[in-house]
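Please open the model in a viewer and follow the stops below in order. Each stop names a selection and describes what is found there.

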Number of protein chains: 2
Amino acid sequence: MGVNPKAMASIHIALIHHPVLNKAGEQICSSLTNLDIHDIARLALFYGVANYWIVHPQPEQQKLLTTILDFWTTSKDLPYNPSRSEALGLIKHTHNFDSLIDNITTQEATRPTIITTTARTMPKQISFHDLKALHQSPRPLLLVFGTAYGLDDEIHTRADHILAPLTGAGDYNHLSVRSAVAVILDRVTSG
Amino acid sequence: MGVNPKAMASIHIALIHHPVLNKAGEQICSSLTNLDIHDIARLALFYGVANYWIVHPQPEQQKLLTTILDFWTTSKDLPYNPSRSEALGLIKHTHNFDSLIDNITTQEATRPTIITTTARTMPKQISFHDLKALHQSPRPLLLVFGTAYGLDDEIHTRADHILAPLTGAGDYNHLSVRSAVAVILDRVTSG
């Protein structure tokens with residue numbers, strides 16, 4: 001972990017549950033979603049991500065997460081799906097954004113370049129081409145994703161760069177965060 | 001629907017619940033998964049897919065699907081999330097592979113090029129480059145995805161082409177079908 005097999009910058013991804021927005025644009029705290037844990041951990045293993053960080057402020061939700069992770073990574077009764085255990089073994093968790101950055105900085109011995117993601121068009125967003133160029137540098141990348149209706153601006157103001165939204169054939173750009181992680185990791189790591 | 005806004009071949013996607021494989025390689029019928037319905041419908045709308053076909057042989061599961069789709073597409077009490085209704089409005093369903101092909105052939109007035117997907121390496125698979133070339137032709141494409149541990153060979157033998165598996169940085173290639181649909185649609189429709 002922490003070493004990218006392609007010898008480019010290591011990539012960390014983070015899923016934020018607070019502060020995020022609801023449909024009305026109000027700041028909320030979202031609940032854990034089980035398939036966000038599994039689908040995104042499998043993507044992390046597939047694309048050689050160093051760690052998948054789940055950020056949640058509430059002790060009860062952290063406890064729930066610990067129970068799920070312990071089941072999949074340390075239970076002796078799990079010969080059935082060892083690769084799922086390997087995927088969920090990439091998950092680390094912490095309670096807020098400051099702690100997230102501190103943890104990755106300690107682990108990597110350097111502060112990562114922080115890239116936030118959004119479905120909105122915002123000023124000064126970088127392109128996927130720019131993101132691939134950042135991935136060529138030795139500095140680790142942290143890609144930050146929001147649950148619910150996306151990251152609060154409080155998180156975007158902490159970023160070094162905000163990634164331009166994914167666009168498809170139509171006007172609709174409200175993919176699930178699971179799908180957004182899939183497409184963004186594929187684009188940043190592909191030839 | 002049925003008209004691709006980029007004037008290339010229209011794309012249909014299908015999610016097969018029978019015949020698919022379990023971990024032991026035995027033929028099974030899988031159950032509907034609610035997030036397969038929602039995540040993949042949102043991807044279909046995002047990437048301009050003509051229709052998302054859910055194929056299930058069992059009347060009780062079809063009835064469940066109809067109830068879910070009716071709730072999201074025709075309920076009068078759903079001002080909250082109109083774009084979700086639009087996404088789920090792309091879903092059609094049928095009971096087996098023959099009926100799937102017949103329905104698309106009638107709708108498009110021509111038989112689609114059938115492309116099956118798999119996480120396995122198999123003989124004579126086409127590349128993503130080949131798939132993009134097929135998308136330039138006027139003939140509609142049907143991309144076929146399997147639930148559980150993937151499509152039974154019975155479905156692959158019906159295909160015009162089998163797509164090469166996605167590969168990432170490591171040996172692990174067991175993405176969720178939701179993630180595989182995201183990445184494959186992004187690759188086939190991107191610049």
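Select Lys124(B), which lies in the loop between strand 6 (113-116) and strand 7 (125-126) of chain B. The model is a predicted one. Lys124(B) is not a glycine, yet its phi is positive, near 60°. Is Lys124(B) buried or exposed? Lys124(B) has 7 other C-beta atoms within 10 Å and is therefore exposed, since a residue counts as exposed at 12 or fewer.

Next, select Ala148(B), in the loop between strand 8 (141-146) and helix 6 (153-156) of chain B. Ala148(B) likewise has a positive phi, of about 55°, although it is not a glycine. Its surroundings may be displayed by selecting the C-beta neighbours inside 10 Å: there are 21 of them, so Ala148(B) counts as buried. The cut-off for that class is 20 or more.

Remain in chain B and move to Ser75(B), located in the loop between helix 2 (59-74) and helix 3 (82-88). Ser75(B) has 10 C-beta neighbours inside 10 Å and is therefore classed as exposed. How far apart in space are Ser75(B) and Ser85(B)? The separation is 9.4 Å, for two residues that stand ten residues apart in sequence.

The next stop is a peptide bond. Select His18(B) and Pro19(B): the bond that joins them is cis, with omega near -5°. Pro19(B) belongs to the loop between strand 1 (11-16) and strand 2 (20-21) of chain B.

Turn now to chain A and select His18(A) and Pro19(A). A cis peptide bond joins this pair too, and omega is about -5°. Pro19(A) is placed in the loop between strand 1 (11-16) and strand 2 (20-21) of chain A.

Finally, display both chains together. What rotation superposes chain A on chain B? A rotation of 180°, with 0.0 Å of shift along its axis, brings chain A onto chain B at an RMSD of 0.0 Å. The two copies are thus related as by a two-fold rotation axis. To locate that axis from chain A, select Val183(A): of the residues of chain A, Val183(A) comes closest to the rotation axis, with its C-alpha at 2.7 Å.

With both chains still shown, colour the interface residues. Of those in chain A, 100% are also interface residues in chain B, so the copies meet through the same surface.

Notes. Residues are numbered from 1 along each chain as its sequence is written. Chains are lettered from A and ligands numbered from 1 in the order in which they are written. This is a predicted model: local features need pLDDT of at least 70, side-chain atom pairs count only at pLDDT 80 or more; totals for chains, interfaces and linings use all residues. Helices (H or I, at least four residues) and strands (E, at least two) are DSSP runs, numbered from the N terminus. Copies are superposed by least squares on the C-alpha atoms of residues with pLDDT of at least 70 in both. Two residues are in contact if their C-beta atoms, placed from the backbone, lie within 7 Å.
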